[in-house]
Amino acid sequence: MYNKLNERIISNLKNIVGENNVIVEAGKIIDYSHDEFSLSEISRMPEAVIKPLNSFEISEIMKLATKEKIPVVARGGATGLCGGCVPLYGGIVISLEKMNRIIEIDEKNLMTTVEAGVSLKEFYSALEDRKLFFPPHPGEESATIGGVISTNAGGARAVKYGTIRNFLRGIEVVCADGKIIKPGGKLIKDSTGYSLLHLFAGSEGTLGIVTQATLSVLPEPEDSMTLLVPYETVNDALNTAPFILKLPARPLAIEFIGKRVISIAENYCGTSWPSVKGEFFLMIMLDGTRLEIEKHCEKIAEICLSSGACDVFVADSREKQKKILHVRSLVYEALKSSTIEILDVTLPPDQMASHIAFVEELSHKHNVWLPTYGHAGDGNLHTHIMKTTIDGRPIEKWKEIYKKIRDEIILDGIRRGGKISGEHGIGMVKKEYLEMCLGQDYVGILKKIKKTLDPLFILNPGKIFDPDLDGNNAVPGAEG
Ligand SMILES: Cc1cc2nc3c(=O)[nH]c(=O)nc-3n(C[C@H](O)[C@H](O)[C@H](O)COP(=O)(O)OP(=O)(O)OC[C@H]3O[C@@H](n4cnc5c(N)ncnc54)[C@H](O)[C@@H]3O)c2cc1C
């Protein structure tokens with residue numbers, strides 16, 4: 001279906017981006033064959049990795065790829081958790097790593113324009129220098145702006161501020177045929193036609209390559225505080241969240257997590273968690289003025305204690321808050337070596353407790369450890385499917401049961417009105433559930449959009465949908 005790169009095409013690529021920015025040596029491109037998804041068998045070698053310096057070069061690459069029918073995969077920080085930037089059909093990986101300029105921090109409009117390869121770490125740090133704040137915080141700061149837009153990333157702070165989409169004002173995109181378009185702008189309001197801006201957000205590099213973005217920012221909050229609240233039961237912990245959300249001011253984040261997972265993260269990072277009581281914790285983060293936060297904190301503590309909490313630990317200094325966040329943010333790394341996959345089912349918030357009870361039952365049925373934690377304030381849960389039994393012994397034949405467990409968890413999520421991904425995206429590992437989740441008619445429309453924007457199916461093929469392997473340039477299911 002696709003052509004392979006040959007000497008002539010590679011020479012054309014070198015003419016576009018310069019010899020040093022075309023990498024073809026196997027030893028150097030192997031790092032570009034995978035993302036953070038734990039299973040090594042999903043990795044695929046690209047035929048070349050290209051490191052363009054600007055949108056014009058990407059446009060020329062796309063014109064060449066269209067002419068020669070070569071697949072192209074955009075790659076940011078490769079922190080994705082569903083194989084999104086894996087070059088499933090070989091071809092070209094466009095790494096945005098050299099497009100990492102912060103073009104403008106416009107303090108008058110409270111907007112900033114950056115190239116797609118800027119990492120979150122660089123972005124947060126540049127804003128901090130100006131006392132500005134970008135609320136979305138997907139956990140891994142080596143992710144790039146292009147990557148977080150393309151997955152519509154979320155993170156803990158989505159409870160108060162929403163996902164990346166809420167802050168996205170404008171983008172520059174290179175289309176499959178090399179055309180450069182600029183949906184949105186430095187605008188708060190925009191009802192000018194269909195919103196391509198929000199279509200590209202979350203499109204996982206399958207509709208175009210994001211090269212620049214304009215994002216809203218906020219003034220840095222005056223202060224912050226974290227409450228760590230231990231409970232004996234997961235139900236008590238989760239049932240507290242709706243009462244907190246009914247208060248006039250919203251917390252920045254309401255995370256929940258079990259003690260066993262926290263102990264593993266504590267051992268992994270050598271930092272201790274401040275509470276020894278309870279089996280489950282709510283971690284509630286607040287921002288605002290000191291006065292607002294103190295008032296808010298008092299009310300939340302009352303609600304927690306009357307909803308079954310054993311205690312309320314208040315981290316009011318930056319140092320104490322950092323310590324808690326440090327342990328929480330290393331949970332994924334601490335569990336990673338025994339994790340097969342981390343899921344990110346999203347549910348109506350009132351369905352979280354019963355979904356977790358279902359997962360717990362499944363865990364006992366198959367004797368597989370399925371630690372589940374996540375964003376108690378917005379219904380987005382992370383279940384790790386582990387290669388270990390409940391008591392931590394390795395499971396030799398995990399491949400035999402992994403798929404069954406995953407199917408059951410995902411089906412339960414869908415049955416409860418949920419969806420298969422709240423923030424990580426579909427990538428290559430969740431596409432089999434897309435139709436079951438969205439329905440045939442809905443997916444048919446998505447395929448028609450794909451066919452319109454990428455008729456040759458060269459942009460990140462095998463992600464979200466599979467290409468038609470029999471050829472005919474068709475996107476399967478988009479004919480009607
Ligand atoms: C420890 C850890 C914690 C995490 N926590 C969270 C969390 O709390 N919330 C959350 O949402 N995610 C989380 N993630 C997942 C991950 O960080 C996000 O999916 C992130 O958005 C990926 O960004 P990236 O730059 O690494 O993209 P990549 O992994 O490189 O790519 C992701 C997808 O975007 C596409 N893409 C990348 N750049 C572009 C571009 N310029 N144009 C078009 N398409 C592009 C790729 O083709 C791919 O489909 C976590 C990951 C880790 C490892």
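**A buried strand residue and a helix pair**

Leu228 is buried, with a relative accessible area of 0%, where buried means under 20% relative accessible area, computed with a 1.4 Å probe on protein chains only. The model is predicted, so that local features need pLDDT of at least 70 and side-chain atom pairs count only at pLDDT 80 or more, while totals for chains, interfaces and linings use all residues. Residues are numbered from 1 along each chain as its sequence is written, and side-chain values use heavy atoms, with hydrogens and water left out.

Leu228 lies in strand 12, residues 223-231, a strand being a DSSP run of E with at least two residues and a helix a run of H or I with at least four, each numbered from the N terminus. Leaving aside residues up to four places away in sequence, Leu228 touches Trp273, Pro274, Ser275, Leu282, Met283, Asp311, Val312, Phe313 and Ile324, contact meaning heavy atoms within 4.5 Å.

Turning to the helices, helix 1 (residues 7-17) packs with helix 3 (residues 55-68) at an angle of about 165°, their axes 9 Å apart; the axes are lines fitted to C-alpha atoms over the stretch in contact, and angles run from 0 to 180 degrees between N-to-C directions. Helix 1 is therefore roughly antiparallel to helix 3, a term for angles over 145 degrees. The contact is made by Arg8, Ile9, Asn12, Leu13, Ile16 and Val17 of helix 1, together with Glu57, Glu60, Ile61, Leu64 and Glu68 of helix 3.

Helix 3 also holds Ser59, which counts as buried at 4% relative accessibility. Its side chain reaches the backbone oxygen of Gly178 at 2.7 Å.

Methods: Parallel < 35°, antiparallel > 145°, perpendicular 65-115°, else oblique. Buried < 20%, exposed > 50% of the residue type's maximum accessible area, 1.4 Å probe, protein only. Polar contact = N/O pair within 3.5 Å; in protein donor to acceptor, adjacent residues only side chain to side chain.
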